Amino acid sequence: MALLSLLDVYVSFGGPPVLDHLNLQIEEGERVCLLGRNGAGKTTLMRIAAGESPPDTGTVTQPDGVCISRLTQEIPENIPGTVRDIVTSGLRGDDHSEDWEKDIRVDDLIARLGLPEDRLFEDLSGGLKRRCLLAKALAAKPGLLLLDEPTNHMDLDSILWMEEFLLEQTIPLLFVTHDRAFLRRMANRIIELDRGKLASWSCDYDTYLVRKEELFVAEERQRAAFDKKLGQEEAWSRRSPGARRTKSNARMEALKVMRDQRGAMRSVAGSAKMEISEAERSGVRVVEAENIAFAYPGGQPIIRDFSIVLNRGDKVGLIGPNGAGKTTLVKMLLGQLTPTSGSLKFGTKMEVVYFDQMREQIDDNKTVAENIAGDSDTVEVQGRSRHVISYLQDFLFDPTRARSKAKVLSGGERNRLLLARLFTKPANVLVLDEPTNDLDAETLDVLEDILVDYAGTLIMVSHDRAFLDNVVTSTLVFEGNGLVTEHAGGYTDWRNELARIAVAKRTAGVGAAAKPIVASKSASTAAAASKLNNKERKELETLPAKIEQLEAEQAQITVQLGDPEIYKDGGSKAAGLQKRLHTAEAEHSDALARWMELDARKDA
């Protein structure tokens, strides 16, 4: 039985249809990820699925007794009340449970989501607000949960916790996300909204990427063949304008049909064409910090005994919980905040551009074009004068959208606007605070490429694991209590380093295993309470070798993917290796988690 059915749903806002007679069914057990370009209509589809707005035509049905709850993309402002008030407001009026059962449900959600029940909602961090709103959605006991960019404003620990929680709850999901690591872990089906049409892919994300590329190539071939045929018929019509024989008349009618078909075709949206305006090169040494620390008067240290040397061309990612001090450290490294102890030395010719997470540099009352060029029609980019409308088209803003007020933009469009604004400013030190929020996958790929090729210095705060892996050369991890450690590579490299240290310690019989980043309290308690059986003891003995084997396989595949010869067959072999690499990474993560669980129970 379908939990949700959309039949022949059509929506248009005056232009081409946003939803063009599409159909969708979601069944029990499905975790469906909705993909699509920014502005494709994903949020419109989510609102219709949630019953918040009706389609122009078509029907939306759900079985009696099935509740659909939705977690919106943006955090609502000015919600009054405490955490308990917010969670309690999610209870349904038609829920016939006893009052004491409802109270227990609210208590359980607050406890399991780690929420401070008496705190005012407005005083919470962005991540805690998302947890609170998720608890509110779950209080309704939904049969289908809709999540629109659920990882926005969440730190890495919260994202990892949410993955575990949602998988444990086994609630059917329809979700939109830019976080590819979250997508890979959660989705067992992918649907894509493209030019008003909906396509379904019953596979994992990496398989989808391969199949999507094959479909794109086939579609381009069909379009080219159609255009060639149309061109031939147009040439024929011009050669024989006076033909009136029956056969010629039929051919002219067929030509008119082809013209109508070509006019109705909607081209694939192009990719963004971003480029960073690079300033004159900075000195080789950008900043050198030695044993710096920072604390507010009478408070605990936010940063303590931290040292680093940043050279030109370094790309550094910062990982840590919300409120851990990432922004404080960035401001010290830029000279905007003086450390309470330690020393800082800065290089020469530093030109800094800062991308702020809250997008406060955008003026909602100005148009998109005015946010870039003010009252001028042109903008200076890489020393060249360009018309602002043409420049904005590189960032996927059509002329009509470029003249719209910024307040009507979606989250992804606001991010693209801020990137367009910042990339006009010459920089040799680029600071990005959560740049990936709300961006679609295609734009993320473009941004990754230009950041990898960027010759300046990059400092980036991000909770996007895949983005960190693809861009940064080193990672600063906020361990708590003011301690910040530096690790080579991205997020996965750091996790693998922790795994190797933990396995080495256990193999050598030295100390206890490293504490996993995220674990369910109930699972930990249950694990500690039960002893290992013979099968589990044998499994514990074999897991270190399996972990090492998977690490070796990942290293081997990475080397193979770096060989240009592997791409000569059109990329099919590389795609297979890429898929196996992601599978090996998932198996490695699962094996490590299992080893930590069994090891904890053995110690208990």
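Select Glu-164 and Arg-185 to begin: in this predicted model their side chains form a salt bridge, with the closest N and O atoms 2.9 Å apart, where a salt bridge is a side-chain nitrogen of Lys or Arg within 4 Å of a carboxyl oxygen of Asp or Glu. The pair links distant parts of the chain, Glu-164 in helix H5 and Arg-185 in helix H6 (residues 180–186), 21 residues apart; helices are DSSP runs of H or I with at least four residues, strands are E runs of at least two, and both are numbered from the N terminus. Glu-164 counts as partly exposed at 33% relative accessibility, and Arg-185 is partly exposed at 32% (buried is under 20% relative accessible area, exposed over 50%, partly exposed in between, with a 1.4 Å probe and protein chains only).

Residues are numbered from 1 along each chain as its sequence is written. Local features need pLDDT of at least 70 and side-chain atom pairs count only at pLDDT 80 or more, while totals for chains, interfaces and linings use all residues, and side-chain values use heavy atoms, with hydrogens and water left out.

Next, select Arg-465 and Glu-163, which form a salt bridge at 2.6 Å between the closest N and O atoms. Arg-465 lies in helix H15 (residues 465–471) and Glu-163 in helix H5 (residues 156–169), so this pair ties together parts 302 residues apart in sequence. Both Arg-465 and Glu-163 are buried.

Then move to Arg-70 and Glu-52, whose side chains meet in a salt bridge of 2.7 Å, N to O. Arg-70 sits in strand S5 (residues 68–71), and Glu-52 in the loop between helix H1 (42–49) and strand S4 (57–61). Arg-70 is buried at 16% relative accessible area, whereas Glu-52 is partly exposed at 48%.
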